[in-house]
Each structure stands twice: as C-alpha cells, then as structure tokens.
Amino acid sequence: MAAGFPPLAGGLVVLSWITLVIWEASPYRRYLQHGDWTSIRFGGSICTVLPGGRWLVPGLFYGGGWLLMTAAMMLPTSAPLMRLFDRMIAERPDRAKLHALLIAGYLLAWAGFGVAAHLLDRAVHAMLADLAWLADHAYVLGALILALAGAFQFSALKYHCLDRCRAPLGFLTSHWHGPRPRLEAFRLGLAHGAYCVGCCWALMLLMFMVGTGSLGWMLLLGLVMAVEKNHPWGRRLSAPLGGILLAGAGFVLFRALA
C-alpha cells in the first residue's frame, strides 16, 4: 500500500483482495465469473424461485463481485487524491465520515459503469444464442475488445481524463470548498470516479475477455492503470500499450484464420 494511504481506503483495498482470494479458492468460485448463472445448480435454483430472479440475482452477485474488484483494483490508483484529501481534513472530527463518503462516491461511479457493462454482456450473450456463426467464431469478439481498448489509448478523451486524474491538487481545490463538507466529499469522489472511468473503462473491458474472476489479470491491469495515472512517465505508457493491444487483436485474428 502506498505510503500515507488513508487507513479507511487502505483497509477496504486489503479487505477486498482478501475476500476475492477466499472467494476464488472456495467451491463457489464460479459465482465470481461473469457467465450464465442459470446453468449453475445453486445459483440456478435461486434464479428460478425469486420473481425476476433470472436477471436480478445474477445482477446482485455480479454487482457485489464488481464492487470488490473495483475497490481492489481502482482505489489504489486514486491514492494521490486520497492522501491530499486526508491531509486537508486531518483536524476535522468527522474525518472518517468524509473519507467514507469520498470512497462511496468513487465506487458509485464505477458501479454505474459496471451496470452498463453487465447489460452489454447480457446483450452479447443473447446475440451469441441467436447468431450461430458468431457463437462459432467467438474469437471475433475477443479481437474487437482488444482493438477497442487499443484504439481508445490514442483518443483525446483518454488523455483529457488522464490529465485530470494526474492533477489531484487542482482537482481537489476545484471540487472542495467546505460549506457542505459531506455533500462535497461525496461529489468529489463521484467526479473523480467519473474521470477514472473515462480513462480506464476500455482497459477494464479486457476483464470480460480474460475472465472477471481472474486475480492475476486484476493485479496486472490494476498495476498498469496505476502506473499510467500516477507515475511521472505514465503518459508515455499509453501509446505503446495501445499499440500492443492493437497488435494483439491482429494476432488473434491471424491465428484464428491461419
């Protein structure tokens, strides 16, 4: 954990990783994956009993897993902002509540993206069920995800959001004024989370290709995004990473068609 990382955020990150490791090692590890829940005995039985369970139960479990994943992967990437915020409110008696609201706003932004990603994934699964050709050539979807993530690395939106994430002091002073500290702490987290989603959403989509329950890929992608956002030479990583992802998309297609 980064030096000076606020205890509440640091504890949440550690707890999230511990929970994910235990979940991955348990007999219920399949529930961490983003697949067809109705085909799993325990999950399928719940889905058929509850009203709307075929979409509600998978959504709730997926949402819980997604929040754990984003807390473990993405909160550490926001350490500079959280350290500055911690120093700014160090003498306040409601310091813990303000940190909690900051984190809640940040995770809410990522939860919104998670809902959108979940709905998109369900639509893709429905499309695969209706289109036999696409189901037989699933590598096309993998190549598309890699190409999308690679192309986004060169976009103006990517660099705009990265620039905002790389300037935590300016971001903090523009969103924190003090008259309504609790509301402003929540809005600060929500706004920072939105910019974080804006620069990292395409890389997070890679989790749907490699497996949303893969702890190794979570750790690797989280490290890449942390370096890209916070390291002095992180900006120079974006373009080479985009090139690697585009080359990966081409390699997938070449291997499939060769």
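Colleague: With which side chain does the side chain of Q153 make a polar contact?

Modeller: In this predicted model, the side chain of Q153 has a polar contact at 2.9 Å. Setting aside neighbours within four places in sequence, the residues in contact with Q153 include K158, Y159, L203 and S238. The partner in the polar contact is the side chain of E228.

Colleague: Is Q153 buried or exposed?

Modeller: Q153 is placed in the loop between α7 (139-152) and α8 (156-165). Its relative accessibility is 0%, and because the cut-off for the buried class is under 20%, Q153 counts as buried.

Colleague: Which helix supplies the largest share of the lining of the largest pocket?

Modeller: The largest pocket, with a volume of about 410 Å³, is lined by 15 residues, of which D121, V124, L141, I145 and F208 are the closest to its centre. By class the lining has 12 nonpolar, 2 polar and 1 charged residues. At least two lining residues come from each of α5 (95-130), α7 and α10 (181-210), and the largest share, 6 residues, is that of α5.

Colleague: Which residues does M74 touch, not counting residues up to four places away in sequence?

Modeller: With residues up to four places away in sequence left out, M74 touches M69, Y106, W110, C196, C200, M204 and M225.

Terms used: Residues numbered from 1 in each chain as written. Predicted model: local features only at pLDDT ≥ 70, side-chain atom pairs only at ≥ 80, totals over all residues. Heavy atoms only, no water. Helix = DSSP H or I, 4+ residues; strand = E, 2+ residues; numbered from the N terminus. Buried < 20%, exposed > 50% of the residue type's maximum accessible area, 1.4 Å probe, protein only. Polar contact = N/O pair within 3.5 Å; in protein donor to acceptor, adjacent residues only side chain to side chain. Contact = heavy atoms within 4.5 Å. 1 Å grid on protein atoms, 1.4 Å probe; cavity = no way out; pocket = protein on both sides within 12 Å on 5 of 7 lines; lining within 4 Å. Points joined across faces, edges and corners; volume = space filled by probe spheres on them. Nonpolar A, V, L, I, M, F, W, Y, C, P; charged D, E, K, R; others polar.
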